[in-house]
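Biologist: I would like to learn how to read a protein model, one feature at a time. Please show me one and start with a single residue.

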Amino acid sequence: MRKINTFWNWFQDNNQTIKNLINETPLNQKHISFWISKNLSYYCKEIDFLIVFPKKGNTKSELIITANGNPDYFSPVINLVDNAPQLRNWKFTAFIQPTERIEEIMNNLDKPYIFQDIILKTSELKFLALDYDEEKSKLNLIVYLNNYTLHCSNKILEQAIFIITDVLEHYSMKKNVNFVQLAQTDDNEDGIVYLYDSQLYSYDLNLLKKAKK
């Protein structure tokens with residue numbers, strides 16, 4: 001409990017600086033994110049964070065604590081969020097939650113996710129479907145990210161997979177995906193579509209499965 005309180009005391013002392021992170025220079029964003037990660041690691045080294053900033057200045061920013069899909073660390077995530085302070089400008093969430101605001105995403109009005117020093121918007125993600133694995137009845141995907149080449153060695157990119165599968169799950173496509181590879185956005189857009197159009201592939205895959213039965 002002492003480590004939990006230590007983290008939240010630090011967060012409260014610095015919450016205004018963190019809330020303004022989206023308006024900082026890239027260098028300052030990286031510096032602030034480093035200290036969030038550093039203080040979070042004092043509590044548990046195996047969990048990470050995301051920040052979702054509001055579109056309007058008078059609404060709450062959201063700090064999401066994630067275990068990166070590792071069930072061994074679900075409990076520390078829950079314990080940390082359950083003991084979060086009540087702050088007027090912040091919302092604290094355990095794990096990445098499924099999104100239902102597909103119209104916002106399609107109109108590029110979705111909120112940006114902050115993966116430490118990486119800013120990612122779901123509406124900007126594109127994918128290319130690779131070969132269909134008939135044996136597993138699953139599809140392989142390449143998901144294209146802006147500025148991927150700048151961050152390809154950053155382990156935080158692994159968290160992007162969970163945002164990606166969050167969107168896929170909304171379309172019941174997650175169970176159809178075997179492999180996801182990240183890549184730099186390509187000028188050649190042959191066969192590349194926005195991720196929010198993945199429901200079309202989910203529908204086609206279901207028809208393909210039924211045809212093979």
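Biologist: In which helix is Ser33 found?

Modeller: Ser33 is found in helix α2. Helices are DSSP runs of H or I with at least four residues, strands are E runs of at least two, and both are numbered from the N terminus. This is a predicted model, where local features need pLDDT of at least 70, side-chain atom pairs count only at pLDDT 80 or more, and totals for chains, interfaces and linings use all residues. Residues are numbered from 1 along each chain as its sequence is written, and side-chain values use heavy atoms, leaving out hydrogens and water.

Biologist: Is Ser33 buried or exposed?

Modeller: A residue is buried under 20% relative accessible area, exposed over 50%, and partly exposed in between (1.4 Å probe, protein chains only). Ser33 has a relative accessible area of 2%, so it is buried. For the protein as a whole, 46% of the 213 residues count as buried.

Biologist: Which residues in α1 and α2 meet?

Modeller: Contact means heavy atoms within 4.5 Å. On the α1 side, Ile4, Phe7 and Trp10 are among those that meet α2, whose partners include Trp35, Leu40 and Tyr43.

Biologist: Now the strands, please. How many bridges join β1 to β2?

Modeller: Two strands pair if DSSP finds at least two bridges between them. Five bridges join β1 to β2, and these strands run antiparallel; here Phe49 stands opposite Ile65 in β2. Strand β2 (residues 61-66) is also joined to β3 by five bridges, but this time the strands run parallel. Across that pairing, Ser61 stands opposite Trp90, and Leu63 stands opposite Phe92.

Biologist: Why is β2 described as largely enclosed?

Modeller: Six of its six residues are buried, so β2 is largely enclosed by the rest of the structure. Ser61, Leu63 and Ile65 cover one side, and Glu62, Ile64 and Thr66 the other, with each of them buried.

Biologist: How many residues are in the largest nonpolar core?

Modeller: A nonpolar core is a set of buried Ala, Val, Leu, Ile, Met, Phe, Trp, Tyr and Cys residues joined through side-chain atoms within 4.5 Å. The largest one has 28 residues, and those with the most contacts inside it include Trp8, Leu63, Ile65, Leu80 and Phe92. Among the elements that give two or more residues to this core are α1, β2 and α3 (74-82). Helix α1 gives the most, with six residues.

Biologist: Which residues does Leu80 touch?

Modeller: Leaving aside residues up to four places away in sequence, Leu80 touches Ile4, Phe7, Trp8, Leu40, Tyr43, Ile47 and Ile65. A second, separate core has eight residues, including Leu125 and Leu182.
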